[in-house]
Amino acid sequence: MAKPQKTAISPTRAENYPDWYQAVIRGADMAENSPVRGCMVIKPWGYAIWERLQGALDRRFKATGHENAYFPLLIPLRFIEKEAAHVEGFAKEMAVVTHHRLTAKDGRLVPDAPLEEPLIIRPTSETIIGEAFSNWVRSYRDLPLLVNQWANVMRWELRPRLFLRTSEFLWQEGHTAHADEKDAREETMRMLEVYREVAEDELAFPVICGEKPEFERFPGAVNTYCIEAMMQDGKALQAGTSHYLGQNFARAANIKYQTEAGDWELCHTTSWGVSTRLIGALIMTHADDNGLKLPPRLAPTQVVILPILREAEDRARVMPFAEELCKAVSAQIFSGEPIRAKVDARDYPAPDKRWEWVRKGVPVILEVGPRDLENRTAAFTRRDRLEEKKAILPDSEIALRIGGFLSDIQGSLLHAARAFRDRRLRADIADLAAFTAAFSGDEDNSFASSLGFVRAPWCGEDATQETLKALKVTIRCLPFDQPKSLGPCVLTGKPAVAEAIFAKAY
RNA sequence: CGGAGUGUAGCUCAGCCUGGUAGAGCACCGUCUUCGGGAGGCGGGGGCCGGAGGUUCGAAUCCUCUCACUCCGACCA
C-alpha cells in the first residue's frame, strides 16, 4: 500500500531544490527532455503558458509600434565574423552546418557534400537582421525601423536545465534602427519597461531594473540593461535584456541612411529579448511543494470545474449543473477577457484529477457533486490558499465574485514574491568579511538558507571580478535608482562608482 | 576538455561481490468495491539486463573493448 504523500511534489524544496524544480515540471506536465541533449519537448500545458506570455508581450510590442517579421534560422558563417566582440561572445557555443547531404556508407548514413561556406544556426539574429536592415534603410524617412521576431535560437549549452538553460530555446528578439543615439536609447529603455511591466503585471514577480557592468554586457553592445528576478533559493535570474548597440552593428552590416542634408550616417541600433526562460522564472518564483502556481492572467485555464460522481446515476444530474456553472463563470470578465473555465469530465477518480490541477497550478478549482444540486452550490478552492478549508458557495455568488477572486490571487502572488525578495535583499553589508559571510552558505540547500541579493557600493574596477569569482558571486546590475551619496566599495574599500546588486545566479 | 559515476520494464531502482536462464514499487490494461484531500481487492500485459567480443556446460552477474547518459568544474538568455 502506497503511503499517502504529504506534498504533491517530491522531493520538497527544502529537501532538494534542483530536483524539486524538475519534479514540478514533470508534475505539471509542462516539458520533458528530448533524445537530443539540451533540447526540450514543450508539452501542451507548458506551451499554452508560453502562448499566454507571447500574447502579453506581443500586444505591448504592437502597441509601441513594432511589427513582426521572420528571418532565417541559418546564418552564413562570415556574417558572425563581422563584429569582433560578437564573435568572441558566441563562438564557443555555436552549432555549425557543414553538409547538405547524407550518403550510405558501410550501412550507415554519413554527411556528404560539404558546403562551400559553413552555416551557423542562429544564436541570436543581430547579424542577419543587420544585413537585411542595410537594404531596407535608405533615407531618414525610413527611420525608426521597428521589427520583432518570434523564433527559436540555439546555443550549444554544456549544462542544460529545462526552461532555464536549454540548447534550443524559444524567444522573441526585437531589432530596431534609429537615426540618432537619443532615439535608440529611448527605445532601449522603453522595451526594458515593457519587460518590467510584463514581469510584474502578468508573471507576478518583482524585478530590479538596471544596467549590466561592462564585463557582463551582451557581446557587441554599448550598454546592456536588464531585469533581474530573485528565485526562491535566493539566486538571481536574468529575466530579460535590452541593449543599446550604438553604431557597432550598423558599422559591421553597413546600415546607413541619408540625412535631410544629404549626408550618409550610420544608424544606431537596439536589440532586446526574453525567452522561454521566463517560464523557469515563473516556476521558481511561485511554485511550492504541491507544484505550479499560475498567476491568473497567465493561466491557460483559470477555473477547473470538477464533477464528483459517486453513483452511476449522478452523472446525468451533476454534469448539466457543472456545465451550467462553467458557462456562468465563462461569461464573466477578468482582466479584459472572458474567464477561461472548463469542466474536467475525464473518467478518472476525482481526487486524482483534483491533484493534477493542483500540480498544474490552476488558480481556482470548483467541485460540484450530488450534495450541491439542491442548493446550487460548489466547493471553492484557491490554489494559492490550498491549506484553507473549501468554501461552499452558491453558483450565483461564484459567478459574481470569480473575477474578484482571480484578481485577488494575481495580487497575492505578486505581493508574496515581493515580500520574499525584499526579505532576502540585504543593504547592510559594508565590508568584504560581511560580504563573504553573506555568500558562504550551504550551496546545495540555499532554499532553506538566507541567501539572497546584496545591495552595496562598488568601485567599478575589473580586479574585483576575481574576488567575486572566488565566491561564485556576480554583479547582476547597477540599479537605476542610485542614492545621492555612496559609501566605500564593499569589496575593496575604495571610492565607489555606483551601488550594485550582487548575487549568485542561474 | 578535466574529475566522479551510471546504463536491467514507460519511470525509480534491486539483483552483480559469491555465474544457474528476470524481480519490486509506481504507471498501464481488465474487473469489482470506490470517487467532496489524493482508494483498495483480484487478475493481466510488458524487458535481445546499452552494444561487441571473450572466459564458461551455462553470463545481467567475471574479463576486454566500445557507445551513451548523468553529476561536479571552466562558459552562458
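Good morning. I begin with the open sheet of 11 strands, whose order is β3-β7-β8-β14-β11-β10-β9-β24-β25-β23-β22, with mixed pairing. Two strands are called paired if DSSP finds at least two bridges between them; helices (H or I, at least four residues) and strands (E, at least two) are DSSP runs, numbered from the N terminus. At the edges stand β3 (67-68) and β22 (425-426), each with a single partner strand, so one side of each is left without a neighbour in the sheet.

Before going further, a word on the source. This is a predicted model, in which local features need pLDDT of at least 70 and side-chain atom pairs count only at pLDDT 80 or more, while totals for chains, interfaces and linings use all residues. Residues are numbered from 1 along each chain as its sequence is written, chains are lettered from A and ligands numbered from 1 in the order in which they are written, and side-chain values use heavy atoms, with hydrogens and water left out.

Which helices pack against this sheet? Helix α5 (residues 126-136) touches β7 (145-154), β8 (168-178) and β14, and its direction makes about 30 degrees with that of β8. Helix α8 (residues 277-286) lies across β10 (223-230), β11 (236-244) and β14, running at about 145 degrees to β11. Here axes are lines fitted to C-alpha atoms, for helices over the stretch in contact, and angles run from 0 to 180 degrees between N-to-C directions. Contact means heavy atoms within 4.5 Å.

Strand β14 (residues 268-275) holds T269. T269 is buried, with a relative accessible area of 5%; buried means under 20% relative accessible area, exposed over 50%, and partly exposed in between (1.4 Å probe, protein chains only). Apart from neighbours within four places in sequence, T269 has contacts that include T176, A177, H243 and Y244.

Elsewhere in the sheet, strands β24 (residues 474-479) and β25 (residues 498-503) run antiparallel and are joined by 3 bridges. T474 has A503 in β25 as its bridge partner.

I turn now to the domains. The assignment for chain A gives domain 1 (17-94 + 122-286), domain 2 (303-421) and domain 3 (425-503); such bounds come from an automatic or database domain assignment. The C-alpha centres of domain 1 and domain 2 lie 37 Å apart, and their contact takes 18 residues from domain 1 and 13 residues from domain 2.

How much area do domain 1 and domain 2 bury between them? The value is about 1,400 Å², 60% of it on carbon and sulfur atoms. Buried area is the accessible area (1.4 Å probe) that two parts lose on being put together, summed over both. On the domain 1 side, W45, R52 and P206 supply 36% of the area buried against domain 2, more than any other three residues.

Next, the cores. A nonpolar core is a set of buried Ala, Val, Leu, Ile, Met, Phe, Trp, Tyr and Cys residues joined through side-chain atoms within 4.5 Å. The largest has 60 residues, and M30, F163, F205 and I283 have the most contacts inside it. Domain 1 and domain 2 both give residues to this core, so it lies between them. Another core, of 27 residues, lies apart from it, with F321, F334, I409 and L414 among them.

Strand β20 (residues 377-382) is mostly covered, with 6 of its 6 residues buried. T377, A379 and T381 point one way from β20, while A378, F380 and R382 point the other way, and all are buried. Strand β19 (residues 364-368) runs antiparallel to β20 and is joined to it by 4 bridges; L366 has F380 as its bridge partner in β20. β20 also pairs with strand β21 (residues 391-394), in the antiparallel sense, over 4 bridges, and there A379 has I392 as its partner.

I close with some points of backbone geometry. Most residues other than glycine have a negative phi, and most peptide bonds are trans. A cis peptide bond joins L143 and P144, with omega about -5 degrees; P144 lies in the loop between α5 and β7. A cis bond also joins S10 and P11, with omega about 0 degrees.

K472 is not a glycine, yet has a positive phi of about 60 degrees. Is K472 buried or exposed? At 59% relative accessibility, K472 counts as exposed, and its place is in the loop between α14 (464-471) and β24. D29 likewise has a positive phi, near 60 degrees, but D29 is partly exposed, with a relative accessible area of 32%.
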